[in-house]
Amino acid sequence: MRYPDFKERIQAELEHHPEGLTWMELKLRLALPYERPCPTWVRRLEEEIGLVRLRNPGRPAIWTISPK
């Protein structure tokens, strides 16, 4: 999978779930082949689509897109 495909799929899924999803939920829903997301790609998502990862102690981070 190339980055543009990854970006498109993540963005579309998060737009359908504005409350956000965990990485594991995204991985399962989208059948992503990665155990963990590539840190470089995550930084690009933060810059390009406004990805925000909300962290709660002891809980998985929630991925969401910040409102524009």
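How many bridges join strand β2 to β3? I started my notebook with that one, and I found 5 bridges between β2 (residues 51-56) and β3, with the two strands running antiparallel. A reminder to myself before going on: this is a predicted model.

**Entry 1: the strands**

I stayed with the hairpin of β2 and β3 for a while. It has 2 residues between the strands, and Gly58 there takes a positive phi near 75 degrees. I also looked up the bridge partner of Asn56, and in β3 it is Arg59.

Next I turned to β1, which covers residues 21-22. I saw that β1 pairs with β3 (residues 59-65) in the antiparallel sense, over 2 bridges. Here I noted Thr22, which stands opposite Ile62 in β3.

**Entry 2: the whole chain**

I then stepped back to take in the chain. I counted 3 helices and 3 strands, and from the N terminus on their order reads α-β-α-α-β-β. The radius of gyration is 11 Å, close to the 11 Å that the globule rule gives for 68 residues, so the chain is as compact as a globular protein of that length. I wrote down the span of the C-alpha trace along its principal axes too: about 30 × 30 × 25 Å.

How much of the chain is buried? I found that buried residues make up 37% of the 68 residues. For contacts with a separation of 6 or more, I noted that 44% come from residues 24 or more positions apart.

The surface came next. I have about 4,700 Å² of accessible surface for the chain, and 52% of that belongs to carbon and sulfur atoms. On charge, I listed 12 positive and 10 negative side chains, with the centres of the two sets 5 Å apart.

**Entry 3: Trp41**

I picked out Trp41, which sits in helix α3 (residues 39-48). Is Trp41 buried or exposed? Its relative accessibility is 17%, and buried means under 20%, so Trp41 counts as buried.

I then asked which residues it touches, leaving aside neighbours within four places in sequence. Trp41 is in contact with Met1, Arg2, Tyr3, Phe6 and Tyr34.

**Entry 4: Ala31**

My last stop was Ala31, in the loop between α2 (23-30) and α3. I noted its phi near 55 degrees, a positive value in a residue other than glycine. Ala31 counts as exposed because its relative accessibility is 61%.

Methods
Residues are numbered from 1 along each chain as its sequence is written. This is a predicted model: local features need pLDDT of at least 70, side-chain atom pairs count only at pLDDT 80 or more; totals for chains, interfaces and linings use all residues. Side-chain values use heavy atoms; hydrogens and water are left out. Two strands pair if DSSP finds at least two bridges between them. Helices (H or I, at least four residues) and strands (E, at least two) are DSSP runs, numbered from the N terminus. Buried means under 20% relative accessible area, exposed over 50%, partly exposed in between (1.4 Å probe, protein chains only). Contact means heavy atoms within 4.5 Å. The radius of gyration is taken over C-alpha atoms; the globule rule is 2.2 Å times the number of residues to the power 0.38. Accessible areas come from the Shrake-Rupley method with a 1.4 Å probe; for residues, only the protein chains shown count as cover. Lys and Arg count as positive and Asp and Glu as negative; His and the chain ends are not counted. The place of a charge is taken as NZ of Lys, CZ of Arg, CG of Asp or CD of Glu.
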